[in-house]
Amino acid sequence: MSHAADPGVRVTLPAFQVSLNEHTVDNQYREYPLLVYKDITYFPMTWYDSRLLGLEATWTEQDGLEIAQEPVTSSYVSYQTDRRNASADTAEVPASAITINGKMIDNTKEPYPLLSFRDVTYFPLTWRFAHDEFGWDYEWDTATGLTIRSGNPQLLTAEFPEDVGENDVALYKGYYYFAETEGTQNRVYRAPAQHPLDKDEIYTYGIENGYGVQKQVSFKIREDGLWLMYHLGGATMGHDEFVKISDDGEAEVRHQGYLDFRDSPNGTLIVNLGNPPFAGNLSLVPTGQQALVGKAVGNPDLLYGRHVTVSESSVGVGGDGSSTTVIGDDAYVLGSSYSAGHYDDLNKIYRINLKSNEMAKIINAGVQRFAVIDDRLYYVKDADSALYVSNRDGTGERKLSEHAVSWFAEVGGNVYYTTEIDNNNNYELSKVGPDGNDVAVYNTLFRSVQVVDGKLVCILDEKDDYGAVVLDSSGNLLLTVTDPVTRVLASDDGILIASSGKVVRLTDLPLTAQAVAPGNHGLPFVPLTPIDGKWAFEHQYDDVAFYNVYSIGNHVAPNLTYPRPSPGEEIKAGNPVPFNLSLINRNPDPAVETVIGHDFEIQILNRGKLVWRGRVPAAANIPLNSLATMGIDFTWDQKGSDGKQVPAGQYSVYLLTPADIEYTVEGKVGTFTEHIDHVSDKTLGGGFSIQE
């Protein structure tokens with residue numbers, strides 16, 4: 001929005017074609033058309049247009065208009081109307097303060113000032129701003145007109161027939177798979193990703209069977225490829241159909257019934273999930289055979305793959321989160337002693353050898369669900385709903401979470417989990433790093449979180465201004481998605497989402513968030529600020545206590561602590577934020593070490609954008625016995641590189657790596673260097689939030 005505008009100036013519609021990130025703009029019937037002033041094309045800073053090009057604009061009475069490059073994107077919105085625009089019109093020159101990428105702009109002195117038209121700020125697409133400030137590709141051609149390509153990830157809407165996006169869709173090996181309903185038939189198609197309208201029918205089935213029109217399908221990418229699932233009939237007498245789709249599009253029904261299944265070297269392990277539940281519901285079917293020829297495995301007195309709850313008046317049987325896992329010849333499965341009047345050994349994790357049928361109870365505690373990840377076993381206990389980890393054989397158990405867990409996953413060496421906050425499907429996301437620290441990741445509640453391609457896709461509440469955020473494996477913000485997001489779709493090639501009935505593909509997403517701003521597409525330089533503080537001796541640890549916090553480094557190890565308010569506590573805007581950086585003599589030999597130098601830098605980021613950098617003072621030459629620590633306390637005044645108070649929101653603080661620590665060892669000649677390599681999982685720091 002514009003504010004305090006000066007008298008009008010004459011503007012015209014472009015007499016040439018304009019393309020924004022491959023979208024041709026129809027200026028004739030657009031509510032907010034591009035404009036031309038002094039032979040320069042002007043771009044409307046609408047909510048969607050600005051985010052299409054990776055920009056965000058905010059306005060306050062104190063600071064005026066601020067435009068900045070951010071990790072944000074939007075699909076293209078046409079703003080189409082049925083009213084034709086005049087070829088010439090009048091715009092205004094705003095007189096309010098303007099900041100672009102942290103730099104103050106005197107709009108009254110600009111040769112091509114920002115304009116206001118129909119209460120929207122318009123931005124000049126000069127080489128200075130488009131190329132130098134924002135790093136966009138900026139091309140002019142007499143035949144094709146003006147072409148602008150921004151560097152932010154893009155949302156590409158697939159050109160499907162109407163209503164396709166209201167059902168499930170998958171992207172697999174270069175093809176889209178989707179269903180269209182025609183009368184009482186569901187027709188399943190596949191089409192090349194580059195040409196979604198060039199569809200081929202691969203499967204058809206009837207959807208009218210006395211229980212209404214059952215047209216809903218779902219796709220899932222499993223280890224052995226793409227599967228189609230759908231339901232036929234009623235809840236009790238009906239069944240699910242499982243259709244395997246080969247890489248060349250051939251579809252074949254493989255399984256029928258209420259069941260879960262896993263492939264193994266010995267055949268297909270089937271978990272019968274039919275009702276009423278019954279013990280002995282685990283069988284192994286030879287490869288290529290039907291379920292009827294399977295042989296029973298495990299203990300016939302146990303109910304497998306279900307979570308059982310018992311009260312004084314009832315017995316409830318639910319799902320186990322599809323926990324069943326097969327690794328080689330071994331199956332890991334949830335099992336309960338289940339027979340009339342006998343429910344005293346519930347929800348334990350068993351390992352069953354599918355060749356010998358030997359079985360062992362490896363977790364002798366009630367478990368809601370579990371996952372086997374590499375050589376670790378992760379599980380949520382019935383007793384406290386907290387997350388635990390152990391070796392795959394059940395030994396070495398360790399509690400991971402401080403809160404109840406609704407969902408969990410491992411990404412890049414970090415364990416993420418959600419906790420329901422208000423019993424209304426709103427979830428807080430937390431991370432447990434290799435150091436064991438349990439921290440909140442993002443100062444926003446999510447509707448759901450799932451892992452796609454090594455990233456976390458977090459769907460926001462429908463009342464939020466944005467639809468989703470994408471985090472890297474360290475929990476740092478990669479991208480904010482403006483479009484509303486209904487769900488994440490199956491894809492083996494990036495992130496595919498359903499948005500307001502559309503199927504949208506996210507492209508060009510970076511692997512990790514960019515922490516250092518200088519030199520990156522003209523982002524403002526963040527100066528290195530000297531930190532005010534002094535190193536001092538802190539503590540002498542025993543021989544085990546330090547391992548949880550000083551996990552990085554062989555002889556000298558750093559640790560950075562930051563505010564972690566308890567529920568109900570807040571970091572108020574304007575209050576100094578306290579931090580502590582400490583070093584430990586981690587040498588296992590009883591040698592005295594003295595740190596004599598380092599190159600430590602502290603960085604603070606807001607939603608992936610660097611806002612402050614601090615240089616840590618030189619070491620104080622304090623001799624440290626084995627497992628002794630020295631540290632420095634310091635504060636951040638909540639001011640960014642421009643000297644202004646930063647806005648409320650989620651922030652991250654990290655010790656920049658790689659880093660070097662120079663030290664001497666008593667009784668040895670010379671100096672030594674501890675090199676802290678790049679810490680991709682960002683264990684040297686974490687997140688905190690600032691409240692208004």
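This is a predicted model: local features need pLDDT of at least 70, side-chain atom pairs count only at pLDDT 80 or more; totals for chains, interfaces and linings use all residues.

Me: Fine. How many helices and strands does the chain have?
Reply: The chain has 2 helices and 63 strands.

Me: And what does the C-alpha trace span along its principal axes?
Reply: About 85 × 85 × 45 Å.

Me: What share of the residues is buried?
Reply: Of the chain's 692 residues, 52% count as buried. The accessible surface comes to about 31,300 Å², and carbon and sulfur atoms account for 47% of that surface.

Me: How many positive and negative side chains are there?
Reply: There are 52 positive and 94 negative side chains. The centres of the two sets lie 1 Å apart.

Me: What about contacts along the sequence?
Reply: Take the contacts between residues at least 6 apart in sequence: 54% of them join residues at least 24 apart.

Me: Let's go to the sheet. What is the strand order in the open sheet of 8 strands?
Reply: The order is β16-β50-β49-β48-β17-β18-β19-β20, and the pairing is mixed.

Me: Which strands stand at the edges?
Reply: β16 (154-157) and β20 (200-206). Each has a single partner strand, so one side of each has no neighbour in the sheet. As for the twist, it averages 30° from one strand to the next.

Me: Remind me, how do strands of a sheet pair?
Reply: Through backbone hydrogen bonds, in a parallel or an antiparallel sense.

Me: Start from β16, then. Does it run parallel or antiparallel to β50?
Reply: Antiparallel, with 4 bridges joining β16 to β50. Leu156 has Arg505 in β50 as its bridge partner.

Me: And what is the bridge partner of Leu496 in β50?
Reply: Arg505 is the partner of Leu496. Strands β49 (residues 495-499) and β50 run antiparallel and are joined by 5 bridges.

Me: How many residues lie between β49 and β50 in their hairpin?
Reply: There are 2, and Ser500 in that turn has a positive phi of about 50°.

Me: Why is β50 called largely enclosed?
Reply: Because 5 of the 6 residues of β50 (residues 502-507) are buried, the rest of the structure largely encloses it.

Me: Next one along. How many bridges link β48 and β49?
Reply: They pair over 3 bridges in the antiparallel sense.

Me: Is β48 mostly covered or mostly open?
Reply: Mostly covered, since 4 of its 5 residues are buried.

Me: And on to β17: parallel or antiparallel to β48?
Reply: Parallel, with 2 bridges between β17 (residues 169-172) and β48 (residues 487-491). Leu171 has Ser491 in β48 as its bridge partner.

Me: Which peptide bond here is cis?
Reply: The bond from Asn275 to Pro276 is cis, with omega near 0°. Pro276 is in the loop between β26 (267-272) and β27 (282-285).

Me: What is the phi of Lys173?
Reply: Near 50°, a positive value in a residue that is not glycine. Lys173 lies in the loop between β17 and β18 (175-182). Its relative accessibility is 45%, so Lys173 counts as partly exposed.

Me: And where is Ser322?
Reply: In the loop between β31 (315-319) and β32 (325-327). Ser322 is not a glycine, yet it has a positive phi of about 55°. At 35% relative accessibility, Ser322 also counts as partly exposed.

Me: Last one: is Leu581 buried or exposed?
Reply: Leu581 is buried, with a relative accessible area of 0%. This residue belongs to strand β54 (residues 577-585).

Me: Which residues does Leu581 touch?
Reply: Leaving out residues up to four places away in sequence, Leu581 touches Trp535, Asn559, Leu560, Phe600, Val616, Met630, Gly631, Ile632, Phe634 and Leu655.

Me: And how far apart are the C-alpha atoms of Leu581 and Thr287?
Reply: They are separated by 58 Å, and the two residues are 294 residues apart along the chain.

Note on methods:
Residues are numbered from 1 along each chain as its sequence is written. Side-chain values use heavy atoms; hydrogens and water are left out. Two strands pair if DSSP finds at least two bridges between them. Axes are lines fitted to C-alpha atoms, for helices over the stretch in contact, and angles run from 0 to 180 degrees between N-to-C directions. Buried means under 20% relative accessible area, exposed over 50%, partly exposed in between (1.4 Å probe, protein chains only). Contact means heavy atoms within 4.5 Å. Accessible areas come from the Shrake-Rupley method with a 1.4 Å probe; for residues, only the protein chains shown count as cover. Lys and Arg count as positive and Asp and Glu as negative; His and the chain ends are not counted. The place of a charge is taken as NZ of Lys, CZ of Arg, CG of Asp or CD of Glu.
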